[in-house]
Structures are given as structure tokens and as C-alpha cells.
Amino acid sequence: MSGTVVVYNGVEIRNCETLVFNNTIHYDESNTDAVYSVFRCRWRGMIVPGYPMNVGISSGPGNNSAAANYTSIRSQLMQPRQSLTVTIGPDTLITCTGQNLAAADADVNNGPKPQALDIIHVAGFRVLTVEFEIEFAIMACDGKPHGDPAAVAAVINTPEVISNRWTAQETRDENFYSELEYSGALKVRRITQGPDLFRYLVVPPLLPGFQRMRCNFTVEPNGLGMHYRVMDKQQYAAPPPPATDWEAHYTIEAQNQAKIYSTVDVSLNGPPGVNRGALLVAALQVCEARLGNLRQVPVNPAPGGGNQPPRAVMVESATIREQLKDNKIQVTIRALETTAAENLSAMLSLPFQKIGVSLADGPERVDGYNAIHWPVPTLYNYAVGAFVMKLADPCLKKIPSLAGEQLVGEGAKRPPPPKSPGDPPGDNTAIDFRFSTGTLSDYPTKISPAQRAHIYTVVEIYNNYETTTGIYMLPKADSPAPNRPTADFVDLHGPITTRVLKMRAERAYVRPEMPKAERIRKDLNGITEYLLSKQVVAVSPTLLADGKNFLFAAEVQYVYGLSREPTDNELLIAGASPIDTLTANQTAFPMANLKDTKIQGGNSQ
């Protein structure tokens with residue numbers, strides 16, 4: 001494209017060569033809705049210090065070297081979410097805003113996102129030919145150029161939600177009850193208006209006779225999408241308000257043809273914040289709906305009835321159970337039916353009449369009860385917008401976290417861990433275990449002070465003892481014959497022993513401590529060791545995940561010659577690690593542990 005000018009984050013590439021200009025449509029997960037257009041572009045231009053602005057890439061004033069100019073340009077061109085403008089002659093082809101997320105032409109996929117800045121050619125140590133590649137996503141709502149005011153106005157008028165697709169599934173069990181499940185994905189234009197703010201668009205109304213079993217909302221890491229799942233289940237009867245779920249049983253028991261007992265067992269679950277006293281009142285109302293007015297004083301019925309009430313209940317036992325962990329109340333009442341009936345059939349007819357009657361009917365009905373209206377949970381149990389994501393940049397010193405924006409890098413202080421209510425005051429420097437009774441006494445540990453100060457992540461120590469016996473094998477020159485020896489053995493000198501010490505260590509924050517090679521030393525057995533050779537490997541440190549500290553490593557290898565071979569009753573050095581407090585004597589290997597075994601075969605072994 002002749003006359004193309006690309007401006008990104010203040011860097012201008014004038015009269016550049018367009019190598020790639022790829023435009024694809026990004027669809028939602030169901031491949032139904034066209035969500036936005038994705039552009040991937042690559043331009044080639046030159047960094048020429050001291051040249052006018054209309055040639056190549058503007059490198060600013062001065063006559064800097066090619067390396068200095070490349071470093072400066074790279075720091076600007078490789079920053080994500082900056083503003084991008086592409087013009088051809090007097091016409092604007094593309095405008096895409098990054099940091100100003102509220103702008104109408106803002107990138108809708110947390111971009112623009114630089115992909116590459118490649119050096120193609122270097123000339124004279126001053127002139128660089130580079131290729132710059134970037135990816136960005138925009139909404140093209142009409143056929144006009146993206147920078148045209150009409151196109152900008154069209155984008156402004158589009159909603160924040162750019163896609164919402166879902167599936168609906170029904171399952172029926174053996175009793176013909178239905179289970180409904182809705183699952184889908186919602187996409188928004190910008191991270192500042194997170195998808196969690198639009199739950200009201202994805203939660204369907206609760207159908208009569210259905211209970212809302214579960215709602216699940218998962219916000220994607222990019223902060224632009226949310227997956228949701230809603231499950232409803234058909235139930236026979238809803239609980240009395242303010243309960244959200246319940247279990248209730250009504251039992252009639254006849255004894256000796258003279259006594260009729262009625263038992264009601266009610267268990268009510270409530271949502272967070274509902275007073276348990278209200279649940280208790282609702283549970284007692286359910287009991288009265290089956291047993292009758294429990295507050296009426298029962299009277300022994302006289303023969304013939306007289307002025308006595310036709311039916312009353314005498315409470316025999318009542319149990320109220322409160323769960324302290326969950327918002328749950330359980331009530332069980334067992335009552336003796338007292339009537340003026342003359343026979344068992346007449347006595348049973350009164351409590352039988354209660355079976356199948358709705359709690360909303362009858363003289364002792366539960367006020368405000370509706371068997372098909374289940375409570376609907378609120379969309380949020382916390383501050384709206386708690387799931388709105390934040391953006392981070394590796395060049396900044398602040399990163400987003402679930403506890404708010406945190407400062408990292410130089411000068412940052414590690415925030416203390418959160419405390420639970422009722423915790424005693426402390427400096428939060430270490431985990432403190434507390435027990436309800438008694439105290440934990442101190443006990444000696446084998447962790448070294450060096451390990452407590454700065455952690456050794458790896459320590460490997462090997463001591464390889466190799467002894468040459470001085471016996472050499474020489475082949476015979478004559479022709480071999482069956483069962484005749486083909487080699488002679490010559491004892492030229494006494495045993496010669498060497499010890500090769502190899503150690504590798506990694507340590508966080510500071511460099512590991514390695515043993516110093518000694519030219520002449522004594523081992524645990526008093527044997528004199530002479531340093532024959534040494535090798536020290538300096539390993540480049542690795543940056544840790546916090547972006548501030550390093551993991552250091554080092555390797556050494558020392559070869560010692562021993563003045564004599566260790567005997568069967570002496571110790572071989574294994575090495576003492578800086579991780580623990582064990583001494584060299586505690587880690588040594590006794591030669592006495594080399595015993596006669598049958599592993600190798602033969603008479604004695």
C-alpha cells in the first residue's frame with residue numbers, strides 16, 4: 001500500500017510496506033453470532049536516525065546508533081493496549097484505541113496486541129530494516145471506514161453485550177418430574193463493563209412449581225466472557241416462606257382402638273440473613289395446619305358431646321432442633337387426638353381429612369403460602385462488580401489480584417495474609433498454630449539456620465571413591481587352547497584411591513554456599529588427601545515468578561588423591577548438606593556395611 005502511515009503508541013511508520021493485512025470474523029462458541037473482526041497486520045519499514053519524518057520510522061531527534069534506536073522503538077511498539085491508527089493518503093483506514101476502554105473504537109479483545117518486531121537488515125551500524133506485526137479486534141457495524149464519524153456513532157449505539165448464546169435441556173425422571181438446565185456463554189465489548197454485571201440477561205425466570213437448585217457463573221480470565229449454568233427442578237410443593245427448602249411428614253397412629261396420635265415432623269432451611277425465629281414460626285404453622293390449633297386448651301370430651309369442642313389436640317411431646325452451622329430449624333410435635341367420636345372409624349375420619357389438603361387451605365392455613373411458588377435467589381450475594389477483571393502490564397509495578405490492585409517490584413511490601421474474625425493480634429510473619437487446650441512445646445529440628453534464612457531448593461552431593469588395586473591383566477601371545485588361561489596378571493603396585501566430590505546446589509534470593517577446595521586435607525579417618533584437580537561451574541541465575549528475586553545455582557567438582565586406601569573399619573565421606581544440621585560423621589558411610597552377600601554369586605559372594 002503506497003503512502004501507508006501506521007501510528008502505534010506514538011511511533012510513526014511512514015511510507016511503509018504492507019506485508020500482511022488479514023481480516024477474519026470471530027464467531028461465538030456456537031459459531032452463530034459474528035462477534036467482532038480480527039485483524040492481523042505486518043508492516044516493513046526502516047529506522048533511520050537523523051532523517052526527516054516522512055521517511056521510514058520516526059526515531060526522534062539526534063544521531064543515535066541503530067541499537068539505541070531499536071531499543072527505544074521496541075519499548076514503545078511492544079506495549080499492548082495502545083492506540084493504533086492506519087491511514088492511506090488522506091483517508092483513515094483503521095482506528096483502534098487500547099487504554100481508553102470507554103472509547104467507541106476500543107479494541108474488544110483487550111488489545112491491540114503486538115506480536116513481533118523483527119530486525120530484517122542492519123546497514124552501517126545505524127540503519128535498521130524492521131517488520132512490525134500486530135493483532136487487534138474491532139466491531140465494524142456498517143460499510144464505512146472504521147474511522148468515519150458515522151461508523152463511530154454506529155459502534156456507540158451497540159450494546160455492551162455483543163453475544164449471548166445458550167442451550168436448554170429437559171430431563172424427566174421416573175415420576176414424570178422435570179429437571180431443566182440452561183447453560184451458555186456471554187461476551188461483552190470491554191473489560192470495564194465485565195460480563196458479571198449482566199447476570200440479569202442470562203438467568204431465566206423460575207417456572208411455577210420449580211425449585212432453583214443451582215446457579216453457576218464463571219468469568220473467563222480475559223474478563224470479556226462468562227460461562228453460566230442454571231438448574232431448576234420440578235417439585236410437588238414449595239416450602240412456607242421464608243424457607244428455601246424443606247422436609248415435612250404427617251403421621252397418624254391408632255393404638256388399642258382408643259387413642260389416635262398425630263405426628264408432624266418439619267425441617268426448614270433458610271437463606272443467609274433470614275432470622276431463625278421466622279423459620280420456627282413457619283414450622284409451627286405447618287404443624288398447626290395438620291394438627292389444629294395447638295394454642296387451644298384441650299378438654300376431655302364428655303359422652304354425648306354437650307358444649308365441648310368437637311375436636312382438640314393434646315400435645316404429648318414437642319422437639320425443636322436448631323442447627324448452629326446451617327440456617328436450619330427442625331420441629332417435631334406428637335399430639336393425642338381428643339374427640340367425641342363413638343368408634344374408631346369416626347375417630348380416624350377427622351385426622352384423615354387433613355391428608356392432601358394444601359397448607360393454604362383450612363382453618364389453620366399458613367398465611368401467604370403458595371405450593372407452586374418457590375423462592376428465587378438474588379443475583380448477587382456480594383458487591384456488584386466484584387468479578388470485574390483488571391488488566392496488567394509487565395512494564396508496570398501494579399498487578400491485579402482478587403484482593404485489589406497490588407504493588408510489585410522494587411519498593412513493594414508483601415501484604416499480610418488476611419485474618420479471620422477473632423484472631424489475636426500478631427505480625428503475620430509466620431503461620432501460628434493455636435490449639436483449644438494445652439500448648440505445643442518446642443522441639444529440636446534438623447533444619448539448618450542457613451535453610452531458615454534463605455531456602456535451598458536443590459542440594460545434591462556425591463562422593464565417588466575409586467580404587468585401583470595395582471593388578472593389571474596382560475594377554476598371552478600363544479594360541480589359546482581349551483580350558484587354558486589366556487591372560488596373566490601382574491601386581492605392579494599397591495592400591496591407589498581417589499575421591500571425586502560433585503556438588504550441585506540451587507538457592508532462592510542469595511547464592512548458594514559451596515565447599516572450598518583444600519590443597520591438602522585430612523579426612524575423617526586421618527587419611528591425607530591431595531587436591532588433584534578442581535572444576536567450578538557458575539550458572540546464570542533464573543528470575544523467580546515474583547519478577548523481583550532470583551534463583552541462584554552453582555556446581556563444583558573436586559578430585560582428591562588419598563595417601564592410602566580406607567580399611568574395612570573406616571568411614572567414607574558422604575557430605576553434609578547445608579539444608580540440615582547433620583554433621584559429616586553422621587552422614588558418612590561405614591565400610592563395615594560392605595558385607596559378604598550372595599548377590600554376585602560364587603562361593604562366598
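Predicted model: local features only at pLDDT ≥ 70, side-chain atom pairs only at ≥ 80, totals over all residues.
Residues are numbered from 1 along each chain as its sequence is written, and side-chain values use heavy atoms, with hydrogens and water left out.

**View 1. Aromatic rings pair up in this model.** There are 5 aromatic pairs in the structure. Rings of Phe, Tyr and Trp (its six-membered ring) pair if their centres lie within 6.5 Å; planes under 30 degrees apart count as stacked, over 60 as edge-to-face and the rest as tilted. Y8 and F132 make a tilted pair, 5.9 Å from centre to centre with 35° between the planes. This pair links distant parts of the chain, with Y8 in strand β1 (residues 4-8) and F132 in strand β9 (residues 127-138), 124 residues apart. Strands (E, at least two residues) and helices (H or I, at least four) are DSSP runs, numbered from the N terminus. Y8 is buried at 1% relative accessible area, and F132 is buried at 1% too. Here, buried means under 20% relative accessible area, exposed over 50%, and partly exposed in between (1.4 Å probe, protein chains only).

**View 2. F550 and F552 form a tilted pair.** Their ring centres are 6.3 Å apart, and the planes make an angle of 50°. F550 is partly exposed, at 35%, whereas F552 is buried, at 11%.

**View 3. The largest nonpolar core has 28 residues.** Such a core is a set of buried Ala, Val, Leu, Ile, Met, Phe, Trp, Tyr and Cys residues joined through side-chain atoms within 4.5 Å. W246, L359 and Y369 are among those with the most contacts inside this core. β11, β15 (259-269), α3 (276-291) and β17 (328-339) each supply at least two of its residues, and α3 gives the most, with 7. Apart from this core lies another, of 22 residues, including I13, C16, F39 and V86.

**View 4. Five strands line up in an open sheet.** Their order is β20-β23-β26-β25-β24, with antiparallel pairing. Two strands pair if DSSP finds at least two bridges between them. β20 (456-468) and β24 (520-522) are at the edges, each with a single partner strand, so one side of each has no neighbour in the sheet. Within the sheet, β23 (residues 496-508) and β26 pair over 11 bridges, and T498 has G561 in β26 as its bridge partner.

**View 5. β10 and β11 form a hairpin.** β10 (residues 161-172) pairs with β11 (residues 178-188) in the antiparallel sense over 11 bridges. R172 has S178 as its bridge partner in β11. There are 5 residues between the strands, and F176 takes a positive phi near 70°.
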